[in-house]
Amino acid sequence: MSTDIFQAMAQSVIDGEKEEAARLARQAVTDGIDPLVAIDQGFVAGMRYVGEQYTLGEMFLPDLVLAAEAMKAAIAELEPEMARRGTARQVLGTVVIGTVEGDIHDIGKTLVGTLLSANGFKVYDLGVNVPLQTFLDKALEVNADIIGLSTLLTTTMINQRKFVQALEAAGVRSRFKVLVGGAPVTRSWAAEIGADGYSEDASGAVQAAIQLMQGG
Amino acid sequence: MSRPSFELISTEQVARILDEAFALLAHTGVRVSLPEARALLASGGAAVDENAEVVRLPEALIRAGLQSAPHSFTLYNLLGEARLTYGDDQVHFDPGSAAVNVLDADSGRQRPAQSADLLRIIQVAEGLPQFAAQSTAVVCADIPVPIGDLYRLYLVLLHSAKPVITGAFTAEGGQRMLRFLAGVCGGAQALRERPVAVFDVCPTPPLVYSAFAAQSLIDLARAGVPAEIVSMPLAGSAGPVTLLGSVVQHAAECLAGIALHQCAAPGAPIVWGGAPAIFDMRHGTTPMGAVETAMMDAAYAQVGRSLGLPTHTYLAASDAKLVDAQAGLESGISAVLAALAGVSMVSGAGMLDFLNCHSAEKLVVDAEAVRAALRLREGMHELTPTLGLEFFVGIDFRADFLKQKVTRQLFRAEQSLPSAVIDRGSVRAWEESGRLDTWARARLRVEELVAAYTPPDLPPAQAQELRERMAAEQKAVSA
């Protein structure tokens, strides 16, 4: 019985059906299934499959994004039950992410946030045109592990450097890992400004974040 | 003689696109993040939700803008010479603009663009008649950001006798550039009468005009300097996944921009332009060389033409990382489509890697694609009273057409001559000249054009004026 529902959960994520994923999550609660088990054996299995198929070129970004949305919907349904049981999903890390001040490009940053959360990170997406102080305030508030700064414009790239400097000035540089991204951002730029990681694309950003959490 | 043209969509589809765009603007509206712009539109009859910054535009307001927007305008150079007309069924090309990197010809790698790279691209484009205009082709990493937009414009003005397609980085930068242009063109009125530059203004997809974009439209309209709306729905991410759906969004963004621009100054010149792309669902990139990108461009250009407006698009660019076969085929195919679609100004030549990278070597290769595209658009000339009969008088079954005077007279009108970038010699000649491939020939051609470059014949006082004004702006910013 349980195997069937876990398979259905995985399938709902693979199909990107968030209503179905949410329904199955509610059913799991009704059936007394431990939410953590539902997540790990059901929804995460689906997400892992979608990730593998994406890497193989058999699935595409819309599959990935809809799968992540379904996963999110399921977890939202399970959270009250986890709280009631006094358990929490083990997150890989907490990430504060946003597009820097002066830049309103949304797509890349949102995709990274979506994939991070689907891969087990707790993500706080601050949106676009985010003042540097807001990044810092939020990171301190939620005790973030990683702060992700996106920029598509060369004119606003400089804000990534300023942010690293601001962390140093505030004496909190060692508390956070800084991940930078965006079309003009290169490995050498990341190194030059003293960022901890960088990625060319959204799936690479997930790998970079995982590495940072493993101390790599 | 009929010009060959390419109409991708039907007249009915053009009408439906416009109907849906009008409906979108009337019901969903457009977000305009500048109070003055919202007030201007409100005074024209738009319904404004100040809290949400959303403006809903009645069709009559937009129609009034379309009525007052000019169908064509002429661009000049600093010497006051008329150089090209936007509209009037003309097709022109210019190098792509605002690349962050250049492809270093020696290392074959991308590196941040410097002002010396911009100068090189200007010099190469100056010697290529295929490019009717220059562009502020790269963002110069060695120039302080606050004056980066102005400095690029300054470099082009100083080194070229062609008009410029440019843009600002900020609203303040745009105002600084307009002041500068008025200063070096003999005053605001002279600039209005003989504009030397077109400014790109980019709405944010979907359906948003940032304070910067809205301010730019207002400032350009009031200065009478042509504005070019560069609407860029990304089909499947920042725009509907269907190509026609994204063309509807494009139309709505352009119509809203025109409404605001014409409210600010009726009759000011404006261009129905854009740089849409499909969204690559495997890589999350925005391929400029995709055929579907070119299809959206051709379709929206058809919509713009149906309104009688001058048009612009971003084609003749490639997503390849080198000047290779992919670069050639993507740029060549899209240059031909743009020319046949009758786009007034086609930007993008010289560009690689999703418009991130410029290459002077690619520019000279693309110039050959542009030459071919423009020749194709001329169509089949009728140069003689009979199409063929008269050539056969006295031929007597001999292949002696080379001896006919008419051959010498007319071959130049019929055949567009390629540069040495295109190899049409024998294999032996090719072997003997070192077995050069396109890239190697392009490098030689760039060197040749740079060596042959001659600066514009600016009166010394005007050149001095340019330098002094630039120095003053630099000083003002660093102070």
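Me: Does Tyr151(B) count as buried or exposed?
Reply: This is a predicted model in which local features need pLDDT of at least 70 and side-chain atom pairs count only at pLDDT 80 or more, while totals for chains, interfaces and linings use all residues. Residues are numbered from 1 along each chain as its sequence is written, chains are lettered from A and ligands numbered from 1 in the order in which they are written, and side-chain values use heavy atoms, with hydrogens and water left out. Buried means under 20% relative accessible area, exposed over 50% and partly exposed in between, with a 1.4 Å probe and protein chains only. Since the relative accessibility of Tyr151(B) is 14%, this residue counts as buried.

Me: How are the ring planes of Tyr151(B) and Tyr154(B) arranged?
Reply: The structure holds five aromatic pairs over all chains, a pair being rings of Phe, Tyr or Trp (its six-membered ring) with centres within 6.5 Å, called stacked when the planes are under 30 degrees apart, edge-to-face when over 60 and tilted for the rest. For Tyr151(B) and Tyr154(B) the centres are 5.5 Å apart and the planes stand at 50 degrees, so the pair is tilted.

Me: About how many helical turns separate Tyr151(B) and Tyr154(B)?
Reply: Helices (H or I, at least four residues) and strands (E, at least two) are DSSP runs numbered from the N terminus. Both tyrosines belong to helix H5 (residues 145-159) of chain B, where they are three residues apart, so their separation is about one helical turn.

Me: What is the relative accessible area of Lys362(B)?
Reply: Lys362(B) has its place in helix H12 (residues 360-378) of chain B. Not counting residues up to four places away in sequence, Lys362(B) touches residues including Ala316(B), Ser331(B), Gly348(B) and Met351(B), where contact means heavy atoms within 4.5 Å. Lys362(B) is buried, and its relative accessible area is 1%.

Me: What radius of gyration does chain B have?
Reply: Chain B has 16 helices and 20 strands. The radius of gyration is taken over C-alpha atoms, and the globule rule is 2.2 Å times the number of residues to the power 0.38. For 479 residues that rule gives 23 Å, so chain B is as compact as a globular protein of that length, with a radius of gyration of 23 Å.
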